[in-house]
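Subject: Structure for you, with notes

Hello,

Here is the structure I promised to pass on. Please open it next to this email, and go through the notes below with it on screen.

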Amino acid sequence: MVTEQDSAFERGKLTDPNCPTRLVLDRIGDKWTVLVVTLLADGPLRFTQLRAGIGGVAPKVLTQTLRALERDGLVTRTAYPEIPPKVVYELTELGHSLRAPVAAIADWSERNVNQILAARTAHDQA
């Protein structure tokens, strides 16, 4: 595991198109990622619970999001040998560390949504 201390990547290079940090920003800037992290913050959930909690997400998109989060080490997937099969998703330690930034973005969004919608309307009418 690469830690912040061990990282060979130079911080502060986000504007460089080759900066690997952009891959992380792509992941955490995705709306489905934000919603999955928000739901899993309270504990493990099954796929159907996540889908119902998010609302409006296609199963294929949720599956892709969960696989990407698992690949990035933010979510674990545990399959139980039952009939029917039971699969549970939960945040890893790294995933839990994303809870506070995601909550801050969600709070900011809720506080400012009316201003943004008003700005869009004004812009579109101009």
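This is a predicted model: local features need pLDDT of at least 70, side-chain atom pairs count only at pLDDT 80 or more; totals for chains, interfaces and linings use all residues.

Every value below is computed from it.

**Helix α2 against helix α3**

Start with α2, residues 31-40, and α3, residues 47-54. They pack at an angle of about 115°. Their axes are 10 Å apart. That angle makes α2 roughly perpendicular to α3, since the range for that term runs from 65 to 115 degrees. The crossing of α2 and α3 is right-handed.

Which residues make the contact? From α2 come W32, L35, V36, L39 and L40. From α3 come L50, G53 and I54. By class, the contact of α2 with α3 has 7 nonpolar residues and 1 polar residue. It has no charged residues.

**Helix α3 against helix α4**

Next, α3 and α4. Their axes come within 11 Å. They cross at roughly 115°, and that makes α3 roughly perpendicular to α4. The crossing of α3 and α4 is right-handed.

On the α3 side, the contact residues are F47, L50, R51 and I54. They meet P59, L62, T63 and L66 of α4. The residues of this contact divide into 6 nonpolar, 1 polar and 1 charged.

**Helix α2 against helix α4**

Now pair α2 with α4. The axes come within 10 Å and cross at roughly 75°. That makes α2 roughly perpendicular to α4.

W32, T33 and V36 are the α2 residues here. They meet V61, L62, T65, L66 and L69 in α4. By class, the contact of α2 with α4 has 6 nonpolar and 2 polar residues, and no charged residues.

**T33, in helix α2**

T33 is found in helix α2. Is T33 buried or exposed? T33 is buried, with a relative accessible area of 1%. The cut-off for buried is under 20%.

What does T33 touch, leaving aside its neighbours within four places in sequence? T33 is in contact with R27, I28, T65 and L69.

**The salt bridge**

How many salt bridges are there? The count comes to 1. D72 forms a salt bridge with R27. The closest N and O atoms are 2.8 Å apart.

This pair links distant parts of the chain. D72 is in the loop between α4 (59-71) and β2 (75-80). R27 is in helix α1, residues 21-28.

D72 counts as partly exposed, at 35% relative accessibility. R27 is partly exposed too, with a relative accessible area of 21%.

R27 has another residue to look at, A68. The place of A68 is in helix α4. A68 counts as buried, at 15% relative accessibility. A68 and R27 are 41 residues apart in sequence, and 8.0 Å apart in space, C-alpha to C-alpha.

T78 lies in strand β2. T78 counts as partly exposed, at 29% relative accessibility. Leaving aside neighbours within four places in sequence, T78 is in contact with K86, V87 and V88. The C-alpha atoms of T78 and E90 are separated by 8.4 Å. T78 and E90 are 12 residues apart along the chain.

Look also at the loop between β2 and β3 (86-91), where P84 lies. The peptide bond from I83 to P84 is cis, with omega near -5°.

**Helix α6**

Last, A103. A103 lies in helix α6, residues 99-125. A103 is partly exposed, with a relative accessible area of 37%. The C-alpha atoms of A103 and D72 are separated by 20 Å. A103 and D72 are 31 residues apart along the chain.

Best wishes

How values were computed:
Residues are numbered from 1 along each chain as its sequence is written. Side-chain values use heavy atoms; hydrogens and water are left out. Axes are lines fitted to C-alpha atoms, for helices over the stretch in contact, and angles run from 0 to 180 degrees between N-to-C directions. Helices (H or I, at least four residues) and strands (E, at least two) are DSSP runs, numbered from the N terminus. Angles under 35 degrees count as roughly parallel, over 145 as roughly antiparallel, 65 to 115 as roughly perpendicular and the rest as oblique. A crossing is left-handed if the near helix is turned anticlockwise from the far one by less than a right angle, and right-handed if clockwise. Contact means heavy atoms within 4.5 Å. Ala, Val, Leu, Ile, Met, Phe, Trp, Tyr, Cys and Pro count as nonpolar, Asp, Glu, Lys and Arg as charged, and the others, Gly among them, as polar. Buried means under 20% relative accessible area, exposed over 50%, partly exposed in between (1.4 Å probe, protein chains only). A salt bridge is a side-chain nitrogen of Lys or Arg within 4 Å of a carboxyl oxygen of Asp or Glu.
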